[in-house]
Amino acid sequence: MLKAIIRIFLAMVPFVGLMNCAQEKNSDELIAKKYCSGCHLFPDPLLLDKSTWQEKVLPAMGKLLGADQSDRNPFDEADRIATHQKSSIPGTDWHQIINYYVTNAPGQLPHQSRELITKRTDRFTIEKKVVSDYPDNTFVKIDTLNQCIYTGSMDSSLNVFNQHLNMIGNHRVDGILVDMFFNQKSTTGSREGVITKIGIMQPNDLKTGSADLFTIGKQTFTSKKIIDTLPRPVQSIAADLDADGRTDYLVCGFGNKEGSLIWMHDKGDGRLIKKVLWPLPGAIKAYIDDVNADGLPDIMVLFAQAKEGIYLFLNKGSGVFETKKILDFPPVYGSTYFELVDFNGDGKKDILYTCGDNADYSQVLKYYHGVYLFINEGNFIYKQEYFFPLHGAFKAMSSDFDKDGDLDIAAISYFPDKINQPEEGFVLLEQTGGLKFTPATIKESTKGRWITMDVGDVDSDGDNDIVIGSLYLPNEILQTNENIKRRPLFLLLRNNTVKK
């Protein structure tokens, strides 16, 4: 009898060992989810390789969680205060988190699953008349009424070029320009609206940004500051959000670790009252649209920090907004841009989205970076129907470039695979029907670091052109092995479709 019991015990030992391993793994996962899903969507270990988790991301996470308070950046006051105020995570919990990610992460990330882009489009004539020793383009905008192009630079200037790329205006704007919003009442000969100045371009939480009212003609420019001390703003929109007949302003205060989505409410007595609609950083792109067709302007916003995702602020009237999560993304996605546009012609606006910001802790090529299309199925449900892998995707804009009745996509990458696929700096996705797209690039795609883009008919010939702007930050100029002198400040891709 004793021998039988011993045999049964010995037979159970491997099973008990497996159970203990499984329990230990589950315990690590539970601890990781406890701490790593409070501020954002829980990041799966499979999204990064072991080395990046262990050497880059986990040390940064540990600092924010209070597990490691050494090696702080003294310039980052918000980070210093936040870390100081947090109680330290128990050492055993932190080791379990490290074990969970390092154990379950792959040795290396899979490659993007698409063929190399070899086709070059002949749809555009590439014009690169404007060159610079150190391209520092922070913004481009096509003015279809005046048939000109506006660009912003790191030296706080606003430059105006006619459709032939001759400079016809150079204006000081007292800040780094990153966005321009035209009012509807703008007319041919002059434009009015709001410009947004980011303050310090590099990540920080100093409130040095602002928004100005402006009037600009082909050779004239005037502006008046209306909002200052903004947390690294990247977009400002003028709109009457509470239907009181006065113009309010919506500001995407991107910030860094601190920031907010801000409604500057016009009280009618010369004051703008600040109302925070979302007290977290990362607001990078917003649209004001009546999403539920109730006659009230709603707000759709992409957040690229903290709770990364697309959120809808439903206008309930009387200055009240209800927040709805539309899509959420893991924090390693690096969201960069989105558009609201009806891709399938059903009368409902869909979401064109890009992710590819690779400037944080995990600077490795990621298979999930690229261009996504989410189709609106109604009731605030959006289903992914298309994905084009594109390393470092920074912006995608839709237009019927070939005039065949469906929407195509122009996309740029700020962090392309420079070794294996440098041509992915610019990609044209021509739709062949049924949300199927054929990719093509241009010969000049490797001639810049394309950070900004706009689409519009700059020469009024009936088809939409594209402008893409290049930016090399000072530290990147010192580190790069590329010869960037006399590189184009921007490229004009002049559409040839109507001429064919």
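Predicted model: local features only at pLDDT ≥ 70, side-chain atom pairs only at ≥ 80, totals over all residues.
Colleague: How are two packed helices described?

Modeller: By the angle between their axes and the distance between the axes. Here, H2 (residues 50-65) packs with H4 (residues 91-104) at about 155°, and their axes are 10 Å apart. Angles over 145 degrees count as roughly antiparallel, so H2 is roughly antiparallel to H4. Their crossing is right-handed.

Colleague: Which residues of H2 and H4 make the contact?

Modeller: On H2 they are Lys50, Trp53, Gln54, Leu58, Met61, Gly62 and Leu65. H4 contributes Trp94, Ile97, Ile98, Tyr101, Val102, Thr103 and Asn104. By class, nine of the contact residues are nonpolar, four polar and one charged.

Colleague: And the nonpolar cores: which residues of the largest one touch the most other members?

Modeller: In general, nonpolar side chains in soluble globular proteins tend to be buried together. In this model the largest nonpolar core holds 83 residues, and those touching the most other members are Leu261, Ile310, Phe313, Ile351, Tyr353 and Ile466.

Colleague: What is Ile351 in contact with, leaving aside neighbours within four places in sequence?

Modeller: Ile351 contacts Ile310, Ile326, Leu327, Phe338, Glu339, Leu340, Tyr372, Leu373, Phe374 and Tyr382, with those sequence neighbours left out.

Terms used:
Residues numbered from 1 in each chain as written. Heavy atoms only, no water. Core = buried A, V, L, I, M, F, W, Y, C linked by side-chain atoms within 4.5 Å. Buried < 20%, exposed > 50% of the residue type's maximum accessible area, 1.4 Å probe, protein only. Contact = heavy atoms within 4.5 Å. Axes fitted to C-alpha atoms, helices over the stretch in contact; angles between N-to-C directions. Helix = DSSP H or I, 4+ residues; strand = E, 2+ residues; numbered from the N terminus. Parallel < 35°, antiparallel > 145°, perpendicular 65-115°, else oblique. Left-handed = near helix turned anticlockwise from the far one by under 90°. Nonpolar A, V, L, I, M, F, W, Y, C, P; charged D, E, K, R; others polar.
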